[in-house]
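Please take a moment to look over the sequence and the structure below before reading on.

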Amino acid sequence: MKKFFYVFLLFLIVINLSYRLDEIRGVKEKVEEILYLPKGEILKYIALDHRNTLSDYFWLLFIQYYGHHLQTDLQFPYLYPITDIITDLDEKFLHAYTFGSVNIAHHLKDKLSVKKLLMKAMYKNPEKWEYPFWMGFLNYVFFKDYKTAGIFFKLSTFKKDAPPVCYRFYAFTYYKKLKNLEIALKLWEYMYNSVKSEVEKEIAKDYIKRTIMKIHMRDLNILIKKFKEKEGYSPLSLRELLEKGYIKEIPKHPYDGYYIIRGDTVESIIPKR
């Protein structure tokens, strides 16, 4: 009896394994079938008025393909080719562009394919702010290309209906990474004056203060260096800079704090709240 039970259990395991192998093979074969089809640019003329339906069908296969590899080997060699075909068939398929580019960046670290997919999105949908924004975002967080990120965040702010987040990321990029404080200040001020949300205004207001403080400290450090070169010693205080004509007035601290000179550099003192 026990022997019969083990044989039966083994039989069930073999059947289950066989079913799963067929299932895996099915996903793989279906995806590979897409790749054997003519290029999307040709396919969309063959599909005539059914392009969106065909695109939706391929999208479902793509989701199956993605889910299958996400749970098994984390290998995604066809991410770009499939999303390229889907977006050839439906040039306005926002999720195919964004989901595809995010996962290509995340899983493959393939900057060139991300660029090709999102540049196509921008070319086919020039009015959309989402695509330059995502190009900026992916260059910022995955590829650490802050200069390119700044360019595309800026491009997203030119689009109609661009939300405040576009201005905030553009300003943040210049403030944090590119060190162009004057541009960052203008952007934060623009954001402060253009948004309606009080939360967004408070965020912009705080970054305006931070940026002003950074500008003050940068300029004062330059003057301290000039003072030392000319006078032969470092100034003891900002008042000494004022009395000897290096500054016209002591800058007002944006957080109601003050600046002090310690050694050869200026420090910012912010009162505790």
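Helices and strands are DSSP runs, numbered from the N terminus, where a helix (H or I) has at least four residues and a strand (E) at least two. The expected span of a helix is 1.5 Å times one less than its number of residues. The structure is a predicted model, in which local features need a pLDDT of at least 70 and side-chain atom pairs count only at pLDDT 80 or more, while totals for chains, interfaces and linings use all residues. Residues are numbered from 1 along each chain as its sequence is written, and side-chain values use heavy atoms, with hydrogens and water left out.

The chain as a whole comes first. Its secondary structure comes to twelve helices and two strands, and along the sequence these follow the pattern α-α-α-α-α-α-α-α-α-α-α-α-β-β. Of the 273 residues, 38% count as buried, where buried means under 20% relative accessible area, exposed means over 50%, and partly exposed lies in between (1.4 Å probe, protein chains only). Taking a contact to mean heavy atoms within 4.5 Å, residues 24 or more positions apart account for 52% of the contacts in the chain with a separation of 6 or more.

The buried residues in H5 are Ala 96, Tyr 97, Thr 98, Gly 100, Ser 101, Asn 103, Ile 104 and Ala 105, and what covers them includes helix H3 (51-71), helix H4 (79-89), helix H6 (111-124) and helix H7 (130-141). After H5 comes Lys 109, whose phi is positive, near 55 degrees.

Next is helix H6, where Lys 116 is found. Lys 116 counts as partly exposed because its relative accessibility is 43%. Between Lys 116 and Ser 101 there are 15 residues of sequence separation, and their C-alpha atoms are 9.3 Å apart in space.

How do H6 and H7 lie relative to each other, roughly parallel or roughly antiparallel? For such comparisons, axes are lines fitted to C-alpha atoms, for helices over the stretch in contact, and angles run from 0 to 180 degrees between N-to-C directions. Angles under 35 degrees count as roughly parallel, over 145 as roughly antiparallel, 65 to 115 as roughly perpendicular, and the rest as oblique. The axes of H6 and H7 come within 9 Å and cross at roughly 165 degrees, and the two helices are therefore roughly antiparallel to each other. On the H6 side, the contact is made by Lys 111, Val 114, Lys 115, Leu 118, Met 119, Ala 121 and Met 122, and on the H7 side by Tyr 131, Pro 132, Trp 134, Met 135, Leu 138 and Asn 139. These residues divide into ten nonpolar, one polar and two charged, where Ala, Val, Leu, Ile, Met, Phe, Trp, Tyr, Cys and Pro count as nonpolar, Asp, Glu, Lys and Arg as charged, and the others, Gly among them, as polar.

H7 itself has twelve residues and reaches 16 Å from its first C-alpha to its last, close to the 16 Å expected at 1.5 Å a residue. This helix is mostly covered, since nine of its twelve residues are buried, including Glu 130, Phe 133, Gly 136 and Tyr 140. The buried residues of H7 pack against H5, H6, H8 and helix H9 (164-178).

The axes of H7 and helix H8 (residues 146-157) come within 7 Å and cross at roughly 160 degrees, which makes H7 roughly antiparallel to H8. Where they touch, residues of H7 including Phe 133, Gly 136 and Phe 137 meet residues of H8 including Ala 149, Phe 152 and Leu 155. By class, this contact has ten nonpolar, four polar and no charged residues.

The axes of H8 and H9 come within 8 Å and cross at roughly 155 degrees, which makes H8 roughly antiparallel to H9.
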